[in-house]
Amino acid sequence: MPKPPPAILPYGRQTIEDDDIAAVTAALRADFLTTGPLVERFETAFAERVGARHAVACANGTAALHLAMLALDVQPGEVTIVPSITFLATANCARYVGAEVVFADVDPDSGLMTPDTLADALKRVGDRRLRAVLPVHLRGDVADLPGLGALAADAGAVMVEDAPHALGTTMTYGNVTERAGDARHSAMATFSFHPVKTIATGEGGMVTTNDAGLAERLRVMRSHGMIRPAESSEEGADPWWYEMPEPGFNYRLPDILCALGLSQLAKLDRFVARRRALAKAYETALAPLAPLVRIAAQPPWSDPVLHLMCVLVDFEAAGITRRQLVEALRARGVGSQVHYIPVHRQPYYRARYGDLHLPGAEAWYARCLSLPLFPAMADGDVERVAEALKAVLGL
Ligand SMILES: *Cc1c(COP(=O)(O)O)cnc(C)c1O
C-alpha cells in the first residue's frame, strides 16, 4: 500500500475549544438567536479591547467595509484610495456605493501603503472628490498612520483602516503606544472574524470608531436603514412604528456568533502570545535561509501580532518557480498561500481602469508566500516548515 500523504499544515486555521462550543450551545438555548443581548456585550468587550469608544458588529469583514462607506455617505463618482496588495473587498466596497477606486502602490518589502505611494495615488485622483483612504494592515503590521493621515486630511479625505490582520497589534508613533483598531488616526477601522483571522466566528465583522454619529449610522445601515423616531413624536408613541429614511442592508451578526466572538475574544491574549512566540521561532528558523528567503519587512513603529507569516523568496536566484515551491512544500505536508494577487490586475478593475503599472505591488507579488501561522501549531511545526523549505531550495 502506498503511504498516505502527510496531513497538510494549513497557512491559517481557527482555534475552537470546548468552552467556545459551550458558549454557542448556551446561546442556542437562549431566547434570541439573532439580535439579542450578546451583540452589545461583544461590541462593548471588543471596543474596550482595541481601545475605541464604539464597536458595531456586522455580518463579515466585507460588510464592515461596505457599512463604513455607507456611514461616510460616499457617493457615486467620488474616489477612495486603496493599496493594490489587499483582499478584493477593500476595493470592492467603494464599487458597492458607486465610488471609484484609485489603487496605491505599496512598499515592495513590507507590502504596506506608504506616504510616498499615497502621494503618488493622490496625483491620480485628478479633479474628482476624494472621500476616503483605506490603509490595509497587511500581515498584522500597521501602516504609517500619522503620515498617511496627514496626507489624507490635506486632501480633504478621512481614513478607514482595513484592520482584519492586525487584531492585537500595537504601534508606537513618537512616544505614544496605540492599539490597532483604536481609530485614533482614522474615522473607522474594520475587522473580520473569518476562520483564518485572529479570532473566529465563522462569518463575522466589526467596525470601530470614536465618533458617536458614525456608530449610530453604522447601526442603522446594518439593519435595513430602520430608525425609531423619538417617543415624543406623534408616531413615535406607537410601539410598532419604524421609519426608513434611506434603505440599508441586513448585515447583522447573530447572537449565536456573538457568543462565539465573546468566548474567542476572552482568549485573545493567549492567541496573541502564541502568534508572537511562533513568529519569533520563525525568525530564528528562517535566518539561515537568507538571502533567498526573508521575512517581510517590519516597520519600526509596529509591534505586530502577525496574522500571516509572509516571506519574500528570490525565486530567480533559487532556480525554482513559486508553483514548484508551493507544490513541493505541499508534498512535504506544508500548506502555503499567496497574499495577495494585486487587485489592480483583476479583470474587472483592468477593464474599468486600464493597465496600471505599480512596481512595488508587482515586486511584492512576485516574491511573497505565506507560511503556516496559527495558535494551534505544535512547537515543532515551525522547524518542520523551515526544514521543508531548506530541502526544496537545496540549502
Ligand atoms: C478577511 C479580509 C477582508 C474580508 O473579510 P470577510 O469577513 O472575509 O468578508 C477584508 N479585508 C482584509 C484585509 C481581509 O483580510
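What follows covers the ligand site, then the strands, then a few peptide bonds and a phi angle.

Some ground rules come before that. This is a predicted model, so to speak of local features we need pLDDT of at least 70, side-chain atom pairs count only at pLDDT 80 or more, and totals for chains, interfaces and linings use all residues. Residues are numbered from 1 along each chain as its sequence is written, and side-chain values use heavy atoms, with hydrogens and water left out.

The ligand, then. Where does the ligand sit? It sits in the largest pocket. A pocket here is an open set of points on a 1 Å grid over the protein atoms alone, where a 1.4 Å probe fits, with protein on both sides within 12 Å along at least five of seven lines. To sit in one, a molecule must have more than half of its atoms within 2 Å of the grid points.

The ligand is surrounded by 14 residues, the closest being G61, T62, D162, S192 and K197; a residue is near if one of its heavy atoms lies within 4 Å. By type, the shell holds 4 nonpolar, 8 polar and 2 charged residues. In that count, Asp, Glu, Lys and Arg are charged, Ala, Val, Leu, Ile, Met, Phe, Trp, Tyr, Cys and Pro are nonpolar, and the others, Gly among them, are polar.

Now the polar contacts, meaning pairs of N or O atoms within 3.5 Å. D162 places a polar side-chain atom 2.7 Å from a nitrogen atom of the ligand. For K197, a side-chain N or O atom is 2.9 Å from a ligand oxygen, and for Y340 the corresponding distance to a ligand oxygen is 3.4 Å. The protein buries 92% of the 380 Å² that the ligand exposes when taken alone, with areas from the Shrake-Rupley method and a 1.4 Å probe.

On to the strands. Strands are DSSP runs of E with at least two residues, helices are runs of H or I with at least four, and both are numbered from the N terminus. Two strands pair if DSSP finds at least two bridges between them.

Strand β4 (residues 130–133) runs parallel to β2 (residues 79–83), with 3 bridges, and parallel to β5 (residues 158–162), with 2 bridges. A132 stands opposite T80 and also opposite V158 in β5.

A separate item is the open sheet with the order β7-β6-β11 and antiparallel pairing. β7 and β11 (302–303) are at the edges with a single partner strand each, so one side of each has no neighbour in the sheet. Between β6 (residues 170–173) and β7 (residues 176–179) there are 4 bridges, including Y173 with V176 and T172 with T177. These two strands form a hairpin with 2 residues between them, and G174 in the turn has a positive phi of about 65°.

Last, the backbone. Most residues other than glycine have a negative phi, and most peptide bonds are trans. Which bonds are cis here? One is from A290 to P291, with omega near 0°; another joins H339 and Y340, with omega about 0°. Y340 is in the loop between α11 (322–331) and α12 (347–353). R139 is not a glycine, yet its phi is positive, near 75°.

Notes: A polar contact is a pair of N or O atoms within 3.5 Å; within protein, one must be able to donate a hydrogen and the other to accept it, and residues adjacent in sequence count only if both atoms are side-chain atoms. On a 1 Å grid over the protein atoms alone, a cavity is a set of points where a 1.4 Å probe fits but cannot get out, and a pocket is an open set with protein on both sides within 12 Å along at least five of seven lines; lining residues have an atom within 4 Å of a point.
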